[in-house]
Amino acid sequence: PGTDLRWSRLHGNQWEDPRSVASGGNWFVNWADFPSVEPISESLWAAHWLVKRPGGTFAYDVAISISKDAGSTWTEAVIPHQDDTPTEHGFVSLFPWQDKIGALWLDGRNMQPSDDGHGHGGMTLRAVALAGDLAKHRKTEVDDLVCDCCQTDVAIGASGPIAVYRNRTEEEVRDIYVTRLLDGEWLPGVAVADDDWTIAGCPVNGPAVDAAMDDVVVAWFTAANGDSKVRLARSSDSGASFGAALDIAVDRPVGRVDVALLADGSALVSWLESASNGTGDIRVRRATHQGVLGPTLTVANTDAGRLSGFPQMVVTGEKVVFAWTDVADGVTSVQTTTAEVEGLISN
């Protein structure tokens, strides 16, 4: 059977009927490396998904398509990397790049085959700018050694794109790093915080970033020293430097974080937490600009395993929209709920 990538738009409290971006019978479908639909401007949208290729279980390419009419029609997909290696390419972030579409992804072209299918060697972080006709401009390697399968994220600050990812050192320290695109060049990545999480394998738990002009917040999961935490760090200079990290959750967090800035400068952090009955609670907590933490609130209950995926959160006007994968008797469905920003601030 084929696979569809669909999108829907929220009007008031009602979702439109879903529309299709593309479909295919050879897609790579994975619980953690999921597709996206990203409005670049009011009319220009971009979407990505993953397509299998011969060479192994984890040999797949990134496919990117654009719409110039706000999702009504979509172009034929292009592959942004074109290295033609049977390796992993995924964990994509799409974002505005001046008058172009930016794409950032994990790229396994330097990895060698292994018995488990994932390959061994250095996973790289790469980026490209795509014009409106999907012609490629300024392909570049951003980092030559990163964690193998943690999500990336990008936000647009006052000075341009700010990307976050889980780095990997030769000593297997896998902390969260940030890089910025300045004057057309990606700066060397630097640690957002020195958790010193040493782990000889990928935790499949990427960071999230949001920005409003010079104000930038990054949320992430770590289990350094065996202590599971969701953490938050803030920058007031468009990501050039970050203050001391705050511990947002220390009570059974699984991770799978998201973060959003509110109009008053405070940050909302969401994550998945193990519930006492073996399921998972989607939780949210507010941190003011001064670092004062609000109460931990429960958004919904879902499965704690892979089927529940990675919950998402976005602020739109005076509301916060939460979306997640619900699991009932092994059957999955996309669920959403909204909360008033004022109610979250007053808690």
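How many cavities of 30 Å³ or more does the count come to?

Mentor: The model is predicted, and the count comes to one cavity of 30 Å³ or more. The space in the largest cavity is about 50 Å³. Its lining consists of Leu268, Val284, Arg285, Arg286, Gly294, Pro295, Leu297, Leu344 and Asn347. Strand β23, residues 280–287, contributes the most to this lining, with three residues. Sorted by class, the lining of the largest cavity has five nonpolar, two polar and two charged residues.

Thr296 belongs to the loop between β23 and β24 (297–302). With neighbours within four places in sequence set aside, Thr296 contacts Trp271, Arg283, Val284 and Arg285. Val284 and Arg285 are also among the residues that line the largest cavity. The C-alpha atom of Thr296 is 32 Å from that of Val146, and the two residues are 150 apart along the chain.

The second largest pocket, an open space, holds about 240 Å³. Of its 16 lining residues, Trp97, Gln98, Pro161, Leu181 and Gly184 are the closest to the centre. Two or more lining residues come from each of β8 (89–97), β11 (136–146), β13 (160–166) and β14 (176–182). By class, the lining of this pocket has seven nonpolar, five polar and four charged residues.

Definitions and conventions:
Residues numbered from 1 in each chain as written. Predicted model: local features only at pLDDT ≥ 70, side-chain atom pairs only at ≥ 80, totals over all residues. Heavy atoms only, no water. 1 Å grid on protein atoms, 1.4 Å probe; cavity = no way out; pocket = protein on both sides within 12 Å on 5 of 7 lines; lining within 4 Å. Points joined across faces, edges and corners; volume = space filled by probe spheres on them. Helix = DSSP H or I, 4+ residues; strand = E, 2+ residues; numbered from the N terminus. Nonpolar A, V, L, I, M, F, W, Y, C, P; charged D, E, K, R; others polar. Contact = heavy atoms within 4.5 Å.
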